[in-house]
Every structure is written in structure tokens, then in C-alpha cells.
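Take a look at the protein shown here.

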Amino acid sequence: MKNNNGTGILLLSDIFGFEDSSTRDFAYRVACNGYNVLIPDLFRGDPWTKDQPMTLLEQWIAKQEPQRVAKDIDTSAKWMVDEFLAAGISKKLAIIGFCFGGGRVIDALSRDQGALFGVGVSFYGTRMNPSLASSIKVPVLFISGDNDPLCTVSVLKDFEKSIGQGSKVVIFEGRGHGFAHRPNSPEEDKDADEAFTIIRKWLHDGLVLQN
């Protein structure tokens, strides 16, 4: 999704993939705030689908080879940067991820070392590796609910301390997994709007003003 400024965002989906309507709606909303947004196909045409039994989830995740996913993320980021450079723009990117993608934000920022990405946002990231936190060189905004067993508050607080560099954890009381991009009630919808307001300011302050 293109906009006319020179600021790009790599958006990493949850397990339902880049074609999922909730992810695309969020991407469109971000683009409407002035950003170019790219959603890579992390699962190469084989996302998790809601009609599959949860007993098969771990088997499906095991098929998502970490090195292959990492390579696809890095290739997508480089493609965006190359596109910007070709247009005479040199601004850094932001990276945002939900759930599975939120965990991969940590992986990507650790590899990047501040070269391409200026800031990160991880929504209730899963399968995050705490040992990578100290190698991240840019601020990360963590958003989650205090009732999310897949992304506990204590783990996020540890990440915040280890990363430093202005990183921040925002916790929504009573919220579980996925509320910010898949709200299921008026109350969740209200919190999702608040979360979007927070990331909009985060992106503007950390990406636009810093460039």
C-alpha cells in the first residue's frame, strides 16, 4: 500500500497471513496516516486457516523454518530500502508485527542492528527469544493485554529493560490475545482505537521526526 511520503513500514502478519482481512485493514489504516506499507507473505502461500483443528497448529508452525522466514523478512526490508533509494529517499523503515509476526519483529531487529529500521512495534508477540533483546539497537513499543497467556507482562517488562533505548511497554487491562487488530467487542474496539493512536504517535515521533 503506497503513500506519497518517503517513510516505509514492514508489517508482519499473524499466523493467518498477509491476505487476512484484519491485517489488510490495519495496513490500510496505517497507509492512510502517510506511510508506505509492505506485508510480506511469511508463509509462502500456506498460512494457518481457521477451519483447521488446533491440534495441528504446532505441526504447522514447525513447517515455518526460522531461517527461511528470516530471509524473507530481510529480503522484503531490503527491497523497500532499494525502492526508496532509487527515488532519492534515504529514510529508515519501521517494522510492526502481530502475534507470530510480533515475535519476528524481535528477531529482525536483532539481525538489523539499526541499519534499516528506526523503530519497531510488537503487538502481543509470540515465541520471542529474550536472549536477543540486548542486541537490538532501536526503540521498540510493546502492546499487549494483561490477560494474554501467549505474551506475558513479565516477559515484556524484561524485554523493555534489556533493549532500553527508549523502549516502552503498554498493557491493556482485561485484554487477551489479538484485541488490537481483531477486536471482538465494543470494549475491545475502543482499546484497539487507543492502541492505534499510541502507535501513530510512536511512528511519527520515532520515524518521521527523527528523519
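The model is predicted, so local features need pLDDT of at least 70 and side-chain atom pairs count only at pLDDT 80 or more, while totals for chains, interfaces and linings use all residues. Residues are numbered from 1 along each chain as its sequence is written, and side-chain values use heavy atoms, with hydrogens and water left out.

**Empty space**

Rolling a probe the size of a water molecule over the atoms shows where empty space is left. On a 1 Å grid over the protein atoms alone, a cavity is a set of points where a 1.4 Å probe fits but cannot get out. A pocket is an open set with protein on both sides within 12 Å along at least five of seven lines. Lining residues have an atom within 4 Å of a point. Grid points are joined across faces, edges and corners, and a volume is the space filled by probe spheres set on the points.

| Space | Volume | Largest share of lining |
|---|---|---|
| Largest pocket | about 460 Å³ | helix α2 (residues 57–62), three residues |
| Largest cavity | about 30 Å³ | helix α6 (residues 186–208), four residues |

Helices (H or I, at least four residues) and strands (E, at least two) are DSSP runs, numbered from the N terminus.

The largest pocket has 20 lining residues. I15, F16, C99, L150 and H177 lie nearest its centre. The structure holds one cavity of 30 Å³ or more. V30, N33, Y35, F196, I199, R200 and L203 line the largest cavity.

**A buried aspartate**

D72 sits in helix α3 (residues 66–86). Is D72 buried or exposed? D72 is buried, with a relative accessible area of 13%; buried means under 20% (1.4 Å probe, protein chains only). Its side chain makes a polar contact with the side chain of R44 at 2.7 Å. Such a contact is a pair of N or O atoms within 3.5 Å; within protein, one must be able to donate a hydrogen and the other to accept it, and residues adjacent in sequence count only if both atoms are side-chain atoms. Leaving aside residues up to four places away in sequence, D72 touches D41 and R44. Contact means heavy atoms within 4.5 Å.

**One side of α5**

L156, F159 and I163 are buried in helix α5 (residues 153–163). They cover an arc of only 55° around the axis, which puts them on the same side of α5. The arc is that of the directions from the helix axis to the C-beta atoms. The buried residues of α5 pack against α4 (100–112), β5 (140–145) and β6 (168–172). G164 follows α5, and its phi is positive, near 65°.

Definitions and conventions:
Buried means under 20% relative accessible area, exposed over 50%, partly exposed in between (1.4 Å probe, protein chains only).
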